[in-house]
Amino acid sequence: MGINSLVSPFDAIIFDLDDTLYPSTTGIDRCVKRNIELFLIEKCGFSESKAAHLRVELFKTYGSTLAGLRALGYDITAEEYHSFVHGRLPYDSIKPDVQLRNLLCTIKQRKIVFTNSDRIHAMRALDRLGISDCFEQIICFETINPNLPNSTRPDEFPVLLKPSLDAFRIALDAANVEPRRTLFLDDSVRNIAAGKRKWGLQTVLVGKTVKSKEANYAVEFVNNVAQAIPEIWANKMEYKDETITRTKSELESALAIALVGA
């Protein structure tokens, strides 16, 4: 059966942001880690030797440094933390990605960003890539932590982030998607596993050439999805009461875009 006679298994596609929509080679992640350590030194009074170790331990135990600090009683707001950690990032290292934009424009399903980052960072990164208008919705830190600004003490509301099941629940409710007909792309094996095991998302591990146990697909770069998952562009996709038709030229265009960057 050729691709033109298939029905797409996906009604929606959810993309992680950092190290997924742009590659890790930008160095943003390395700068984030260093800024977190500087926050621990300058704002919390830890020594430099302690800060690097503490950042790793808080991530392992609580999912993020912010979550760990608040759980331990540090009265730090998310705005204060994010403005320090993300506010001094070298966003110029994220370059416009015309190939990615063209690829996204060929995808007719709903496209949603789901990131642990705050909205300001998400918008700056998407704007730098030139794809901010390609997405219907951005689900971010503020979406999955709506009560945090109302807390009267640091440990009143736990900070929710992927791969927390509660974070996924809130995000999927906000997105209003059917998980089993949703494709989820992320660079984190832990996030992929949580989305697959509990919610039944169809999963794509980004940044790897070999699938993890819970990944349905693996792509080294997000721009490779047309080659790895051509069924996204199947000729017809049943969506509620509508049928969205893909022309042969649209399918060939998507595959051509992927091959240009191969």
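Reply: Let's start with a term we'll need: the domain bounds used here come from an automatic or database domain assignment. Keep in mind, too, that this is a predicted model.

Me: Thanks! Which domains contribute to the lining of the second largest pocket?

Reply: A pocket is an open set of points with protein on both sides. In this model, domain 1 (1-22 + 96-254) and domain 2 (26-93) each supply at least three residues to the lining of the second largest pocket. The space in that pocket is about 250 Å³. Its lining has 17 residues, and those closest to the centre are T77, A78, E79, L148 and P149.

Me: Which elements give two or more residues to that lining?

Reply: They are α4 (78-85) and α7 (141-144). The largest share comes from α4, with 3 residues. By kind, the lining splits into 6 nonpolar, 5 polar and 6 charged residues.

Me: Let's zoom out. How many helices and strands does the chain have?

Reply: You can count 11 helices and 8 strands. The chain has 262 residues, and 50% of them count as buried. For contacts between residues at least 6 apart in sequence, 63% join residues at least 24 apart.

Me: What does T203 contact beyond its neighbours within four places in sequence?

Reply: T203 belongs to strand β5 (residues 202-206), and T203 is buried because its relative accessibility is 0%. Its contacts are L183, F184, I192, K196, E214, A215, N216 and Y217.

Me: Now a whole helix. Which residues of α8 are buried?

Reply: In α8 (residues 165-175), they are A167, F168, I170, A171, L172 and A175. To see what they meet, look for the elements packed against them: β1 (12-15), β2 (110-114), β3 (137-139), α7, β4 (182-186) and α9 (189-197).

Me: What happens at the start of α8?

Reply: There, a side-chain oxygen of S164 comes to within 3.2 Å of the backbone nitrogen of D166. In the loop between α7 and α8 sits P163, and a cis peptide bond, with omega about 10°, joins K162 and P163.

Me: Where is D19, and is it buried or exposed?

Reply: D19 sits in the loop between β1 and α1 (28-42). D19 is not a glycine, yet its phi is positive, about 65°. Its relative accessibility is 16%, so D19 counts as buried.

Terms used. Residues numbered from 1 in each chain as written. Predicted model: local features only at pLDDT ≥ 70, side-chain atom pairs only at ≥ 80, totals over all residues. Heavy atoms only, no water. 1 Å grid on protein atoms, 1.4 Å probe; cavity = no way out; pocket = protein on both sides within 12 Å on 5 of 7 lines; lining within 4 Å. Points joined across faces, edges and corners; volume = space filled by probe spheres on them. Helix = DSSP H or I, 4+ residues; strand = E, 2+ residues; numbered from the N terminus. Nonpolar A, V, L, I, M, F, W, Y, C, P; charged D, E, K, R; others polar. Buried < 20%, exposed > 50% of the residue type's maximum accessible area, 1.4 Å probe, protein only. Contact = heavy atoms within 4.5 Å. Polar contact = N/O pair within 3.5 Å; in protein donor to acceptor, adjacent residues only side chain to side chain.
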